[in-house]
Amino acid sequence: MTGLDTKKIRPVPVLHPYLGKDVPWLLAGQAEARSEQVFLVWEDFGQPPQQWTYEAFWRAVRGLAAGLSERGVGAGDPVLIHMDNCPEFLVGWFACSVIGAIAVTTNTRYAPDELNYAIDHARTQVALTQPQYLDLVGKAGSDLDFIAVTGDASTGQEERAVGWSELELDSEPPIRAPDPMLPLCVQYTSGTTARPKGVVWTHANGLWCGQINTQHFLLTEADIAMTVFPLFHTNAMGYSVLGTLWSGGTVVLQPKFSASRYWDVVVRNQCTWSSINGFVMQALSEIPVPSHKLRYWPIGVGDVDFVEKHFGVKLIGMWGMTETVGHGIISYPQVKGREGAIGMVAPEYEIAVRDESGADLQPTDGGVTGRLLIRGVPGLTIFKEYLHDPEATANSFDDDGWFETGDLVTIFADGSIVFSDREKDMLKIGAENVAASEIERVVQSVPGVAELAVVGRPDKMLDEVPVVFVRAPEQGFADLAEAIKAACEEQLADFKRPREVIRVDDFPRSTIDKISKKELRARFQKE
């Protein structure tokens, strides 16, 4: 495999919507056009709300960008952002965009080994974090030049720590020419390999994400987004923040989802839309629904009548990935769709559903299920590449430029598409996609493990949770199980850690040498 140049990948056309533009162009333009309008409301738990107008937020971004630039950070430099939701996350992310640096966002539930991998893989020399993660970042990033920390940098033993106020300058950052194809950010996502892949977005991707979300969700400057998902994921950073920025609306940000606080914040801020998932919906179903102004809940299914009647909110079905930037499949609030569908083909993308031989499937009234593929323009409408991994980038596309999503969907004669399953060996744990191979890599390293398999066990709140089956003798298994749990606790984020270690004398096989995970999962259906 020599790379994408051997395949029919669409090149970025000479003329495209973002020619001569980038993300700072959008933020600067909105700050000029609506300087006194509120862009960000920070609803920290137990604290009075804080607000930033568009002009104030743009000023804070420029000040941090100037400070980063003065310390040697420039175009093309990767900058780690390891933070929970907070205003500084957004200021840091946009400050990187101003100087042309690349925001590398990581999951704050990462174990030290996972964070160390991301820092080394992205080749970061600078980190932005919070006090509670300062020691972790310092330990994981032993070669970092400096670590900017919100609040007081004197806490802890990290000598490279720089206080946020020290980094902010009352001056302007260097001016650079807009480059829509300049890398903007990297988000790490689970694949079928043992380590996550870094998904690279360009500035054009960021603008595309903002514009497409504005169009799909019918957003205007009057809309107020309730944002509870983590900013290190596409849903919050792309759909909520960039969509709001393009439309000129307001973002209401919380540290994380809290069922007991959700409606209070929604009502107080008169929020009009909010991305949710099944976990959020389940939690909110157990508390009273107040009078509110929410119009839409974008989620993985749409047009579920009993849910819409109970909550008084229209569900918008949608499907997308970090790699697709926007939604390749979407339902529309203006028209009634098939109940429970993720939507129909979005006009901005090409979608294909194929059988195992690669032939396109013809939709039927009863529905036909196959592999989901999507096609767009890398660096413009879909991601540019996997960071430092041309082979993985090339292998994710077929010879005609179709991206292999790893998902299975059912398509009907009316164009409705229903999510079916994941073709790849992936677990869906709450809002997190986790490759089984990530967990298996750690378990396999434990002495005494001869053969293993990780599968998902159904869970009411989280969709599924990981469990590990291990082929081992009964004698000494209790100690082996404890060693497995200890290794996973040390090397994996908490949501990736197996909830149970199950001993088997042998594995069911789909072939002579391949473990049948389908049969392992079936054991839980019998319980």
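1. A charge is taken to sit over a ring if NZ of Lys or CZ of Arg is within 6 Å of the ring centre and within 35 degrees of the ring normal. In this predicted model, the charged end of arginine 261 lies over the ring of phenylalanine 45, 4.1 Å from its centre. Likewise, the charged end of lysine 21 sits over the ring of tryptophan 25, at 5.5 Å from its centre.

2. On the basis of the model: it is predicted, local features need pLDDT of at least 70, side-chain atom pairs count only at pLDDT 80 or more, and totals for chains, interfaces and linings use all residues. Residues are numbered from 1 along each chain as its sequence is written, and side-chain values use heavy atoms, with hydrogens and water left out.

3. Rings of Phe, Tyr and Trp (its six-membered ring) pair if their centres lie within 6.5 Å; planes under 30 degrees apart count as stacked, over 60 as edge-to-face and the rest as tilted. The count comes to 18 aromatic pairs. Phenylalanine 217 and tryptophan 273 form a tilted pair, 5.2 Å centre to centre with 50° between the planes. Both residues are buried (under 20% relative accessible area, 1.4 Å probe, protein chains only; exposed is over 50%, partly exposed in between).

4. Phenylalanine 397 and phenylalanine 403 make an edge-to-face pair, with 5.5 Å between centres and 65° between planes; both are buried. Phenylalanine 403, in S20, also stands opposite isoleucine 374. Strands here are DSSP runs of E, at least two residues, numbered from the N terminus.

5. One aromatic cluster comprises Phe257, Tyr262, Trp263, Phe279, Trp297 and Phe311.

Conventions:
Pairing = 2+ DSSP bridges. Helix = DSSP H or I, 4+ residues; strand = E, 2+ residues; numbered from the N terminus.
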